[in-house]
Amino acid sequence: MNAAQRTALTVRGRRRLTRTVQYGVFAAALIALIALADWGRIADSFLQVDIAADMFPAVWTAFGNTVAYTLLAFVFGMLVGVPLALMRVSGFGPYRWLSTVYVEVFRGLPALLVLFLVGFAVPQAFPGVTWPGGVYGQVAIGLGLTSSAYIAESVRAGIQAVPPGQVEAARSLGMSHTRTMISIVLPQALRIVVPPLTNELVLLTKDSSLVYVLGVTASTMELTRFARSELTDTANATPLLVGGLLYLLLTVPLSALARRLETKGDRR
Amino acid sequence: MSTRLVTIRGLHKRFGDNEVLRGIDLDIDEGEVVCLIGPSGSGKSTLLRCINLLEPPTSGTVGAAGHDMTHPDADLDAARREIGMVFQHFNLFSHLTILDNIAIAQRRVLGRSKAEAHAEARRRLAEVGVEGKERAKPAQLSGGQQQRVAIARALAMGPTLMLFDEPTSALDPELVGEVLAVMRGLAADGMTMLVVTHEMSFAREVADRVVFLDGGVIVEQGPPSQMLTEPTTERAQSFLRRVLHPVD
Ligand SMILES: Nc1ncnc2c1ncn2[C@@H]1O[C@H](COP(=O)(O)OP(=O)(O)OP(=O)(O)O)[C@@H](O)[C@H]1O
Ligand SMILES: [Mg+2]
């Protein structure tokens, strides 16, 4: 009894010691970083207030484009992804196979490659074809194709998470398969997938930076491209910091929202 | 004189290698209340679900509410409107309010207007004694209230036949009575009912006939006075001994 107690104390004591050592190492590293860094130099290249101020108000156009590209791609992704999800759970084989192939293809390809395909390969292969909406249309489709594959997978998981009893109750009331999907299963599935879809929106916000490969003009530039051209113009990294902060302005609240919806969903 | 509302002939149902129903013949007349009893796994739920074809039979024929359910061209959706079903776990639509739970099929299946459907929903809610909860979500109701709403939802479609699958098994004991009371009322109004239940006092009091299912066959059936007190088969006797005197 006494020996066991002593062992327990020792174990707890050892744990406390390890913890103290970890704090110590962490503090030492932080102090070293602060002491050794060339703060003047860092401030010069990242924190020039006048350069930051000069970016306004032009940066808002780029910010607006980032938001627009993200939303367009998301809307396209939903319009294609939700029907794909319905096809994946369909009783009709060919629908399932088609949507499975689509999802595997667009989940397996880099978003950048798809964007190249939409932006360059398709117009070249089909000379008459122009995407509706110019760059905005290209982006909606180019990023939306990839996004729709992820959205389809999320929504399929959501559909399958709806308890089978809900479908049985609907069918026993005389609702057709389609009516049951529309009125009972999808509304519940979409509620379940709001958190993963919010995460998809965060990913799309960042992926919208890929749009620069389409060769954008001043009016269609998004945040990353804008920050980079400012970087070139000013030979200073401050624009990257400003651009980065503006991304976080979008993504951090979205991530927080996704987390909140997740815990709320658990309680339901 | 009376109409047949259920006609089952040679019904078999197999899940893989597991033959759950092994040749069921059963008739139910209009206005009759039939209680289906039997040990767990004997196929009671499966039999019920084969009647509205939630579960397609492996072989045999099923007629219900005037529809030839097993005919290849049967309009199952049309038939199911006339066959109400109440589940052990209520299965209320969790995303809809109580009122919309009862209104949605009226509107989407019967094509009633929102006003009509809501008026009917309120009438049915009053009938089952759940009032003042129209705007609540199912999760905010007690189990007994949820089950009564589920009954109201089925009744709002104007069914001629009601199927109940252990409607009180998932309820706390003190809530069983309120659901059985609603079912008694229905029976008294002449509703044709097939009820899977372990509530022997309900069966004794309300049923016109008690059917004992075991091993996927109907072993014995008869009026409750005889079936529940002096069953002739050994299997029914031992089953009833177990459910009526679980402590022995
Ligand atoms: N969808 C299914 N797939 C495979 N097997 C099933 C399925 N549904 C039921 N079974 C099997 O059929 C048998 C009878 O099940 P059923 O639910 O009809 O019994 P029950 O008499 O209602 O029992 P309980 O009193 O426990 O509800 C069980 O062995 C069960 O495992
Ligand atoms: Mg059962």
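## Starting with one arginine

How exposed is B:Arg4, going by its relative accessible area? B:Arg4 has a relative accessible area of 46%, so this residue counts as partly exposed. Keep in mind as you look around that this is a predicted model.

B:Arg4 also has a partner: it forms a salt bridge with B:Asp27, and the closest N and O atoms are 3.6 Å apart. This pair links distant parts of the chain, since B:Arg4 sits in strand 1 (residues 4–15) of chain B and B:Asp27 in strand 2 (residues 18–29) of chain B, 23 residues apart. As a bit of background, side chains of opposite charge can pair when their charged atoms come close.

## Salt bridges in chain A

Counting over all chains, you get 20 salt bridges. One of them joins the side chains of A:Arg88 and A:Glu153, at 2.3 Å from N to O. A:Arg88 belongs to helix 4 (residues 58–88) of chain A and A:Glu153 to helix 7 (residues 134–161) of chain A, so this pair ties together parts that are 65 residues apart in sequence. Are these two buried or exposed? Both A:Arg88 and A:Glu153 are buried.

Now try A:Arg107 and A:Glu104, whose side chains meet in a salt bridge at 3.3 Å, N to O. They are three residues apart in helix 5 (residues 93–108) of chain A, so about one helical turn separates them. A:Arg107 has 31% relative accessibility, so it counts as partly exposed. A:Glu104, at 41% relative accessibility, is partly exposed too.

Over in chain B, the residues around ligand 1 include B:Phe15, B:Asn18, B:Lys44 and B:Glu166. Sorted by class, this shell has three nonpolar, seven polar and two charged residues. Which parts of chain B each supply at least two residues of the shell? Strand 2 and helix 1 (44–51) of chain B do. Helix 1 of chain B gives the most, with three residues.

Some atoms of the ligand and the protein can be paired up. The side chain of B:Thr46 has an N or O atom 2.5 Å from an oxygen atom of ligand 1, and for the side chain of B:Ser45 the distance is 2.7 Å. With B:Gly43 it's a backbone N or O atom instead, 3.0 Å from an oxygen atom of ligand 1. Taken alone, ligand 1 exposes 640 Å², and the protein buries 59% of that.

Definitions and conventions:
Residues are numbered from 1 along each chain as its sequence is written. Chains are lettered from A and ligands numbered from 1 in the order in which they are written. This is a predicted model: local features need pLDDT of at least 70, side-chain atom pairs count only at pLDDT 80 or more; totals for chains, interfaces and linings use all residues. Side-chain values use heavy atoms; hydrogens and water are left out. A salt bridge is a side-chain nitrogen of Lys or Arg within 4 Å of a carboxyl oxygen of Asp or Glu. Helices (H or I, at least four residues) and strands (E, at least two) are DSSP runs, numbered from the N terminus. Buried means under 20% relative accessible area, exposed over 50%, partly exposed in between (1.4 Å probe, protein chains only). A residue is near a molecule or strand if one of its heavy atoms lies within 4 Å of it. A polar contact is a pair of N or O atoms within 3.5 Å; within protein, one must be able to donate a hydrogen and the other to accept it, and residues adjacent in sequence count only if both atoms are side-chain atoms. Accessible areas come from the Shrake-Rupley method with a 1.4 Å probe; for residues, only the protein chains shown count as cover. Ala, Val, Leu, Ile, Met, Phe, Trp, Tyr, Cys and Pro count as nonpolar, Asp, Glu, Lys and Arg as charged, and the others, Gly among them, as polar.
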